[in-house]
Amino acid sequence: MTMDANLKPALRLTGVHANIDQYHILEGVDLVVPKGELTVLLGRNGAGKSTTLRTIMGLTTVKAGQIRFGEQDITGWATPRIARCGIAFVPEHMGVFGQLTVRENLVLAAVSGVMDEGRLAWLLDLFPPLKKFWDRPAGNLSGGQKQMLAIGRAVIEPRELLLIDEPTKGLAPAIINDLADALEQLKAEKVTILLVEQNFAFSRRLGQSVAVMNDGRVVHTGSMADLANDEALQHRLLGLGLGEHQ
Amino acid sequence: MLANLLSGDYPRSRILMVILAIIMGILAFGPFLFPGVRAFSMMGMICVFIILVASYDLMLGYTHIVSFAHTMFFGIGAYGVAMATASWGKGFDAVLLGAAGAMVVTVVLALLLGLLSLRVKAIFFALVTLAVAFAFLSLVTQLYPITGGEDGMRVHVPRELGPAFRPLDDTLAGFSLPDAFAALLGNTSWQEVFFEVRITGRTLMYYVAFGASVLVFLFLLRVVNSPFGKVLQAIRENEFRAQALGYNTVLYRTAVVVLSALLACLAGVLFALINRYVNPENTLAFELMVFILLMCVMGGMGTLYGSVIGVTLFLLAQNYLQDLLKLLVEQLPPDSALAHLVGPERWLLWFGLLFVLSVYFFPSGVVGQLRLWAARSPRTSNTPEAVDTDEPRTQYR
Amino acid sequence: MSTVEHTAVRGGALAGAVPAMRRFRDQSPHWFLLLGMMLAALVMMDFTTWLVLTLSGAAMGAMLFLMASGMTLTFGLMNVLNLAHGAFISLGAYAGATVLLFWMNDQASASSVWLNLASVIPALLFAVLVASLIGWVFEKLVIKPVYGDHLKQILVTVGGSIILMQLIEVVWGSNEIPVPRPEAFSGAVVVAGIALEKYRLLSVVLGLLVYALMTWIIERTRVGILIRAGVEDREMVEVQGYRVHLLFLGVFIAGSALAGLGGAMWAMYEELITAHMGDELMISVVVVIILGGLGSIKGCFFGAILVGLINLYVGFLEPRLAAVATVGLMVAVLMWRPQGLIPVIRV
């Protein structure tokens, strides 16, 4: 197990329930995201993965349960407050402001008001297309470039936790590869990441620990290595969802 | 029998049922219960406005379409009759021709409005109708030779519907409710409670309006409880889902707008005949439109019974709240700030305040609130209707 | 195919102009419509009349822009439709009139430019102040409880509008109040034999200034970036750590202030005010924001100028049809571009 008893978890969800309209989406999620690791959240469509991320971010109201971030209980906080304590969120639709230029997107993301030159240079090195289209409206970028901007926006300032929802969705394999390289780099920086994925090859390459969701609950947690080596477990947990989405 | 008439859509609250029965009874025997001219004309207005507001509720309450052009169609009906009788004289043929012409114009305009703005965004419809209704108002005001401009037009009502027509030689006996009340308190003698009612063409006209009002109301109850009405409510709750189920929502909405406009036009026709005078202020003004909105919302959106309650409450307030405020202001030091706030001409201020508060706290209006109480009270909860009450809805999107 | 070749052979230079024209029409519909309308009007009247009407139309447009910009921005940013916006126009007019008529009447009726200015500027500032204060209260009490619910917004803002206008009547009485324009701003300047009204020139200049300022704020400043981002995707702005509600409150107050400014300008333009003037102006405001595309400042500016111009042009040709022409323009534009001239694209 990668979960070290000495290591404080970055994020801990305990018995979280959440609804969207009248639908009960999360039915008691228990999840621990270890600090400094990349945790992959797997599960088939509708299992509640995206809702889990949105709930952490305060975009979906918590009906019951508790969300702790480090030492703080952030349950029920407003989204901006959650963001300001160091959590960045890249939603499935990326949420890039299409009318704003790449530069303006990044300027906004730097909440402190100024962009650190060194960090910006590092970021543009990580995602070269952002430099190329610096003053173009983000709406004109390709899907992969938008994803880079979305992730770039999330890390323009140092964050303690990144929530990334299906970054590979709809991208070509070559671009997915680039993206994986970039995430590897972030991992090397010891940024804590919670990644929702359907693409198992991608998850296997990046993930250290893994949690699997089904019907609004976490049904399995463990190390990615264990899951990757246990085909029977893969089949039992992910049997349906994976093949279709690879 | 009653179930059939009301299309199975009961008031679902004992208090509401009693109030509705009282209103219905008073309207049915109105000319025999109130001797004054003021009460008579107010009851006529209640009948006309029930049609106007109930048809508005079909859009607002049942489909969540906000239109500011309802008075435009009302005005088209009213001016249609006024202009037709001005040109062709005071015959029923002129009235019918004018009404028919107004209906044609109404359908064309409503279709245009629906097709123009319902396909874009629901919110557009509100704004577009606001602008179009204003343009219409300005056109009517400007075209003095045809419409009489600000001065308006006298409506040449057929003789059979006018004050000079006497179908009966004798008078009938009336029982004055206000005087009976006074007599109960010992202020007047019981002899004065009975009065003579002379049946004239105006009485007949009142009953035409009353009959039309009842028929339109029952018709609308049928509409909203028909499969068509259920689709409308499905669109209101979730447009995407309704679309996914294969309903052409633009078509349905346009149909609602046209139907509602036609009924407003009919109300206008009746208004012209009963009021015998139309001008931009009493048929087309923006203020009137706002009043319709107030009546509809305060009575209870999406409950046709609400329109009856809303109309009655509002017209009572408009006619008598001012008297009440006058009494109140006489108790205050003259010319003080408070006296300005509660002066009789300030009745609208208080009504506006009441309106805003009711949107926040009783979004389903008087009727919704009464039904809520009825559903909570154990006495009525054994009836299935009371249990599966779908009001109040507090979330409109 | 053959018809295209045919025209190409026959038309020569013209053949190239048609596609260019079409491109211009599709890429800059606002300029296309504006220039087209001005040209059409020029054909129908003599040059001097046209010039005077164009200036007057632009002046009216400038004031409409002031009044409409706040409403379009609150809609764009927060999806809030404030139908009480007209009441803020009235409020500004009365606040301005109060300064001109009661507090600084000596300066206003003096025949010195500086003394006049010393009354007009406080009048405009007071209008801005009153409208923004009431705007702040209005947002807290009336608008905030009904975010995200268009139907309720329409209802409570209509109700709120009634209350505000009634309160205006409580404070200032229900009669019309004449507001004489200070002398320095009355009359006309004669340029090349054409008399141009001073006040209209001033309105155009002020309108352009506000437009330039707003464009600068929105295009160049951080707050502007935030506003544009908020118009596009409110939720993502919150995800970045910004409290959109505060931003919105600021925009709402600014919008109310601009409505008040526009109302005060209008009061001096018409020289007569009533509590219901806002209702009448609301119609033009609504046409302007629909024309321009709900939520777009640039569209709002062009929409306002277009409405001002068509009002004056048609008002000259056939006064009775001015309002109908204004709404007709809106209907025509909606049929051509259902989202307005410069729609705000939501990605």
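Modeller: In this predicted model, strand 1 (residues 9–20) of chain A pairs with strand 2 of chain A in the antiparallel sense, over 9 bridges. One of the residues concerned is Asn19(A), whose bridge partner in strand 2 of chain A is His24(A). Both strands belong to an open sheet of 4 strands in chain A, with the order 2-1-4-5 and antiparallel pairing. Strand 2 (23–34) and strand 5 (72–73) of chain A are the edge strands of this sheet, each pairing on one side only.

Chain A also has an open sheet of 6 strands, in the order 6-7-8-3-9-10, and here the pairing is mixed. Its edges are strand 6 (87–90) and strand 10 (217–223) of chain A, each of which pairs on one side only. On average, neighbouring strands of this sheet are turned by 15° against each other, direction ignored. Within it, strand 3 (residues 38–42) and strand 8 (residues 192–196) of chain A run parallel and are joined by 4 bridges. Leu38(A) has Ile193(A), in strand 8 of chain A, as its bridge partner. A helix lies across part of this sheet: helix 6 (residues 143–155) of chain A covers strand 6 and strand 7 (161–165) of chain A, and runs at about 175° to strand 6 of chain A.

As for the other chains, no contact joins chain A and chain B, and their closest C-alpha atoms are 11 Å apart. Chain A does touch chain C, in a contact that takes 18 residues from chain A and 17 residues from chain C. On the side of chain A that touches chain C, the elements giving two or more residues are helix 2 (79–84) and helix 3 (102–109) of chain A. That side divides into 11 nonpolar, 5 polar and 2 charged residues.

Chain C has 15 helices and 4 strands. Its radius of gyration is 22 Å, close to the 20 Å that the globule rule gives for 347 residues, so chain C is as compact as a globular protein of that length. Along the principal axes, the C-alpha atoms of chain C fill a box of roughly 75 × 60 × 35 Å.

Of the 2 pairs of chains that touch, chains B and C have the most contacts between them. Their contact takes 38 residues from chain B and 34 residues from chain C. Helix 5 (92–117), helix 6 (122–142), helix 14 (286–299), helix 16 (337–342) and helix 17 (347–361) of chain B are the elements that give two or more residues to the side of chain B that touches chain C. Helix 6 of chain B has the largest share of that side, with 12 residues. By class, the side of chain B that touches chain C has 27 nonpolar, 7 polar and 4 charged residues.

Chain B also has a helix pair to look at. The axes of helix 3 (residues 37–63) and helix 15 (residues 304–330) of chain B come within 8 Å and cross at roughly 135°. The two helices are therefore oblique to each other, and their crossing is right-handed. Among the residues that meet are Phe49(B) and Asp57(B) in helix 3 of chain B, and Leu315(B) and Asn319(B) in helix 15 of chain B. This contact has 11 nonpolar, 5 polar and 1 charged residues.

Terms used. Residues are numbered from 1 along each chain as its sequence is written. Chains are lettered from A and ligands numbered from 1 in the order in which they are written. This is a predicted model: local features need pLDDT of at least 70, side-chain atom pairs count only at pLDDT 80 or more; totals for chains, interfaces and linings use all residues. Two residues are in contact if their C-beta atoms, placed from the backbone, lie within 7 Å. Ala, Val, Leu, Ile, Met, Phe, Trp, Tyr, Cys and Pro count as nonpolar, Asp, Glu, Lys and Arg as charged, and the others, Gly among them, as polar. Axes are lines fitted to C-alpha atoms, for helices over the stretch in contact, and angles run from 0 to 180 degrees between N-to-C directions. Angles under 35 degrees count as roughly parallel, over 145 as roughly antiparallel, 65 to 115 as roughly perpendicular and the rest as oblique. A crossing is left-handed if the near helix is turned anticlockwise from the far one by less than a right angle, and right-handed if clockwise. Two strands pair if DSSP finds at least two bridges between them. The radius of gyration is taken over C-alpha atoms; the globule rule is 2.2 Å times the number of residues to the power 0.38.
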